Amino acid sequence: MGKLHVIDHPLVQHKMTLLRDKDLGSKGFRELVNEITVFLGYEVTRSLPLEEVEVETPVAVTKQKMITGKKVAIAPILRAGLGMVDGILTLVPAAKVGHIGMFRDEETLEPQEYFFKMPNDIEERQVIIVDPMLATGGSALMAIDSLVKRDVDPAHIDFVCLVSAPEGVKTIQDKYPEVDIYTAALDEKLNEHGYIVPGLGDAGDRLFGTL
């Protein structure tokens, strides 16, 4: 059964406060997104299975643990999700990276998919979807749907974001209770425009300087 994991480490809270500041420039925003994602990635990879192997140190032969089982794929939701990829790759450099392209219809607030490209063996991997914001949950749900249609088990999907709204969390959990959600902050609500309050604004614009 999937769970909501709010990562409330003091350094995460500190960096999130800096990230929310409207006067923070794109360079600082990108750096903080990467740093916070490393913390989130540390938690999302905590459940990776281990196996015992034999290794010879300069002193003795010993049995120690190594990661085994499913390999990892990172699936950023374009374009803002790109800002979180390097943070996960820092921890799992051998992970493959797919891409899910979506945009939000500003009138209906519904997501529209325009691009989907994954590794050929995606159904055999643990998939980490990354997107800075979990607002209405529409984009996240469409991303999960797209993976499930390609035979990825929902229990092998994790959703990782910086800021989430209760509405988005509920959207995922209602349809895919198996999916774990990792977030650095669970904010108050969505406003009438579908933006997270207090939030941090449009993450894509802030990442790429397109305000």
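Is glutamate 107 buried or exposed, and what is its relative accessible area?

A: Glutamate 107 is exposed, with a relative accessible area of 76%; the class exposed applies over 50%, buried under 20%, and partly exposed in between, with a 1.4 Å probe and protein chains only. The model is a predicted one, in which local features need pLDDT of at least 70 and side-chain atom pairs count only at pLDDT 80 or more, whereas totals for chains, interfaces and linings use all residues. Residues are numbered from 1 along each chain as its sequence is written, and side-chain values use heavy atoms, with hydrogens and water left out.

The position of this residue is a loop, between strand 6 (99-104) and strand 7 (111-117). Helices (H or I, at least four residues) and strands (E, at least two) are DSSP runs numbered from the N terminus. Between the C-alpha atoms of glutamate 107 and valine 6 there are 31 Å, for a separation of 101 residues along the chain.

As for the whole, the protein has six helices and 13 strands. Its radius of gyration, taken over C-alpha atoms, is 18 Å, close to the 17 Å that the globule rule gives for 211 residues, so the protein is as compact as a globular protein of that length. That rule is 2.2 Å times the number of residues to the power 0.38. Along the principal axes, the C-alpha atoms fill a box of roughly 65 × 40 × 30 Å. Of the 211 residues, 45% are buried. Contact means heavy atoms within 4.5 Å; among contacts between residues at least 6 apart in sequence, 64% join residues at least 24 apart.

In soluble globular proteins, nonpolar side chains tend to be buried together. A nonpolar core here is a set of buried Ala, Val, Leu, Ile, Met, Phe, Trp, Tyr and Cys residues joined through side-chain atoms within 4.5 Å. The largest such core has 35 residues, and Met16, Leu19 and Leu162 have the most contacts inside it. Elements that each supply at least two of its residues include helix 1 (10-20), helix 2 (26-44), strand 10 (157-164) and strand 11 (180-186). Helix 2 gives the most, with six residues.

Helix 2 has 19 residues and spans 26 Å from its first C-alpha to its last, close to the 27 Å expected at 1.5 Å a residue, the expected span being 1.5 Å times one less than the number of residues. Its buried residues, among them Phe29, Leu32, Val33, Ile36 and Leu40, pack against helix 1, helix 3, strand 8, strand 10, strand 11 and helix 6.

Methionine 84, in helix 3, is buried, with a relative accessible area of 0%. Beyond its neighbours within four places in sequence, methionine 84 is in contact with residues including Val33, Thr37, Leu40, Val130 and Val160. Although 76 residues separate methionine 84 from valine 160 in sequence, their C-alpha atoms are 9.1 Å apart.

Charged residues also occur in paired form. Side chains of opposite charge can pair when their charged atoms come close. The structure holds nine salt bridges, each being a side-chain nitrogen of Lys or Arg within 4 Å of a carboxyl oxygen of Asp or Glu. In one of them, lysine 175 and aspartate 145 meet at 3.0 Å, N to O. Lysine 175 lies in helix 5 (residues 166-175) and aspartate 145 in helix 4, so this pair ties together parts that are 30 residues apart in sequence. Aspartate 145 is buried, with a relative accessible area of 19%, whereas lysine 175 is partly exposed at 45%. Another bridge joins lysine 170 to aspartate 174 at 2.6 Å, N to O; both residues lie in helix 5, four residues apart, about one turn of the helix.
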